[in-house]
Amino acid sequence: MKLNVRTGGSGGLWAIAACLAVVLLSGSAAGAQSAGPAPEGEKLFAGHCASCHAPFNAVRAPWPQTLQLMTAQAILQALETGKMQAQGATMTHEERFTLANYLGRHETATATKANSCPVNPASANAATSASAPRWNGWGVDIDNSRFQHAAMAQLTKEDVAKLKVKWAFGMPGATGAGGQPTIIGHALYVGGGDGAVHKLNARTGCEYWSVIPSAAVRTAISVSDDGKVAYFGDVQARAYAVDTATGAVIWKTELDPHPFAMITGAPKLFGGKLYVPVSSAEELGAANPAYECCTFRGSVAALDALVRPCGARRRSIRRKVCCISGRAITTPRPTRTRAIQFSRCR
Ligand code: HEC
């Protein structure tokens, strides 16, 4: 089955891993699309969805086969409060329910539990020193050069042709994996369409921990220089700081309450501040003529990376928001002289 898997612009290894994971899931979902009143559901799909959700569509909408791998619950959520809310708003709740049941799966994904790592990650964290081989965040360095030096890669040109898949990690229920993995020494951090962020052993693929944020994570994970804190954003515009030893959330904050706001660019840590770009999927709303467009404005937030808020979380994080005329999709590039490289800030 050909699937519409999005892996962002990231490296080949992750593209392979994501594909393998999805191939496994497609196997477990075979024959799971029979439930629900098909004729009515089919009519609703043809009238409200098929203009975009067709094979080889130009708007990067998941193909029908991919939607069939989602649970009915997840599709209903997308239509009522998620990315498809503007499309869902053209229907009654009963129609959305019928459509979700027609399209989606009814059983939860059956995947074997991730293989837990035998060692305590807290002791293994010693290997996260600044000298350990790593690919941190999206851009690797402060200039976002995305260039890996030979000393870090520990590969020669000749080795590349000999690379083989060593392990693959499946994400239950996910139909895509858009977040680039970050590697710090033995540890690999990755967010995925399963709505979780995982810390894995880069050599074996076993799992140290996984944390479930409020929504899926498409950003690369950015880890502090001392290896102790991992930062990321979710597709509902919330930024997170997580303890790399345990997966415990240190703080979490919503950067934009707009219903289509999301974070797709990896946060960037510089000088004790965390720069987070905020983008949106408002173009999906604009496809509904009744949607008032456009109300979203892109921004970049500068958060105090080290604050540990409790209770009044939002107020205790100092932040400056820089508005831009479009969306902020990519990782910011802080410089020593100017805070962030985005034009038309005010
Ligand atoms: C105007 C084009 C368009 C129409 C019409 C449309 N969609 Fe979508 N849909 C998209 C695009 C594009 C995405 C991918 C958004 C992304 O990943 O940022 C998407 C994503 C989705 C997702 C995945 C959401 C998620 O959170 O990952 C679901 C489920 C979905 N659509 C269901 C539907 C259903 C059901 C209908 C009909 C009621 C519908 N869509 C109508 C364009 C459309």
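These legends describe several close-up views of one predicted model.

Residues are numbered from 1 along each chain as its sequence is written. Because the model is predicted, local features need pLDDT of at least 70 and side-chain atom pairs count only at pLDDT 80 or more, while totals for chains, interfaces and linings use all residues.

**View 1**
Helices (H or I, at least four residues) and strands (E, at least two) are DSSP runs, numbered from the N terminus. Of the 346 residues in the chain, 39% are buried. A residue is buried if 20 or more other C-beta atoms lie within 10 Å of its own, exposed if 12 or fewer, and partly exposed in between; C-beta atoms are placed from the backbone. Among contacts between residues at least 6 apart in sequence, 59% join residues at least 24 apart. Two residues are in contact if their C-beta atoms, placed from the backbone, lie within 7 Å.

In α4, I75, L76, A78 and L79 are buried. They cover an arc of only 160° around the axis, which puts them on the same side of α4. The arc is that of the directions from the helix axis to the C-beta atoms. An α-helix has 3.6 residues a turn, so residues three or four places apart point the same way. The cover over the buried residues of α4 includes α3 (64-67), α5 (85-88) and α6 (93-103).

**View 1. Five strands form an open sheet in the order β1-β2-β3-β4-β5.**
The pairing is antiparallel. At the edges are β1 (134-135) and β5 (207-211), each pairing on one side only. Two strands pair if DSSP finds at least two bridges between them. β1 and β2 (residues 182-184) pair over 2 bridges. W135 stands opposite I183 in β2.

**View 2. An open sheet of 4 strands runs in the order β6-β7-β8-β9, with antiparallel pairing.**
β6 (222-223) and β9 (249-254) are the edges; each has a single partner strand, so one side of each is left without a neighbour in the sheet. β6 and β7 (residues 229-233) pair over 2 bridges. V223 stands opposite A230 in β7.

**View 3. Strand β8 (residues 238-243) is mostly covered, with 5 of its 6 residues buried.**
β7 and β8 pair over 5 bridges, and G233 stands opposite A239 in β8. These two strands form a hairpin with 4 residues between them. In that turn, A237 has a positive phi of about 65°. β8 and β9 also pair over 5 bridges, and A241 stands opposite W251 in β9. Their hairpin has 5 residues between the strands, and G247 in the turn has a positive phi of about 85°.
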